[in-house]
Amino acid sequence: MCQRTLTAPQLASQLSPAAGRPISRHIVSRRLHEGGLFARRPVMCVPLSPADVRALLHWAREHRSWTPEQWGHVLFSDESRFNIQNDSRWAIIWREPGTGYRAPDIVKRDHYRSGGLLVWAGIATNGRIDLYVFAGGSVAAV
């Protein structure tokens, strides 16, 4: 069985001995495309522990009946890190179009490499907070 994270040249080198003849990466790509599979970068996410999932579900159930006025007093904020260096570790997976958010197509990553920019902002029902950019560190470290 072939792994979905292998490149077309890697798949060709694995399939050639089994076929008893050389198989080109072009043929591998063509056959995968004919089968509806295309090389795409996977969606990256931070893994959640079972306890995190339970806590989020509990929070959502507690707040599902809130009124718009109650939500008007809430600020949602988030941070994202962007790598500004070349990342030669970009991975690809072979998947069908439109399936990028299926669990098997998501790569979990719980750390960031150094050399990036951290951005932070917030939104609420009545407005937003300006975008803040940090060159290193974290929002909690400020």
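1. Throughout this note, contact means that heavy atoms lie within 4.5 Å, and buried means under 20% relative accessible area, exposed over 50%, and partly exposed in between, with a 1.4 Å probe and protein chains only. Helices (H or I, at least four residues) and strands (E, at least two) are DSSP runs, numbered from the N terminus. This is a predicted model, in which local features need pLDDT of at least 70 and side-chain atom pairs count only at pLDDT 80 or more, while totals for chains, interfaces and linings use all residues. Residues are numbered from 1 along each chain as its sequence is written, and side-chain values use heavy atoms, with hydrogens and water left out.

2. The protein chain holds 4 helices and 7 strands, and from the N terminus on its elements follow the order α-α-β-β-α-α-β-β-β-β-β. Of its 142 residues, 17% are buried. Among contacts with a separation of 6 or more, 64% come from residues 24 or more positions apart.

3. Helix 1 covers residues 8–19, and its 12 residues reach 16 Å from the first C-alpha to the last, close to the 16 Å expected at 1.5 Å a residue (the expected span being 1.5 Å times one less than the number of residues). Its buried residues are Ala8, Leu11, Ala12 and Ser16. These cover an arc of only 140° around the axis, which puts them on the same side of helix 1; the arc is that of the directions from the helix axis to the C-beta atoms. An α-helix has 3.6 residues a turn, so residues three or four places apart point the same way.

4. What covers the buried residues of helix 1 includes helix 2 (25–34) and strand 4 (93–95), whereas the face turned away from the buried side carries the exposed residues Pro17 and Ala18. Gly20, with a positive phi near 75°, follows helix 1.

5. In helix 2 the buried residues are Val28, Ser29 and Leu32. Seen down the axis, they fall within an arc of 95°, so they line one face of helix 2. They pack against helix 1 and strand 4, while the exposed residues Arg31 and Glu34 sit on the face turned away from the buried side. Helix 2 is followed by Gly36, whose phi is positive, near 90°.

6. Strand 6 (residues 116–124) pairs with strand 7 (residues 127–134) in the antiparallel sense over 6 bridges, where pairing requires that DSSP finds at least two bridges between the two strands. Gly122 has Ile129 in strand 7 as its bridge partner, and a hairpin of 2 residues joins strand 6 to strand 7.
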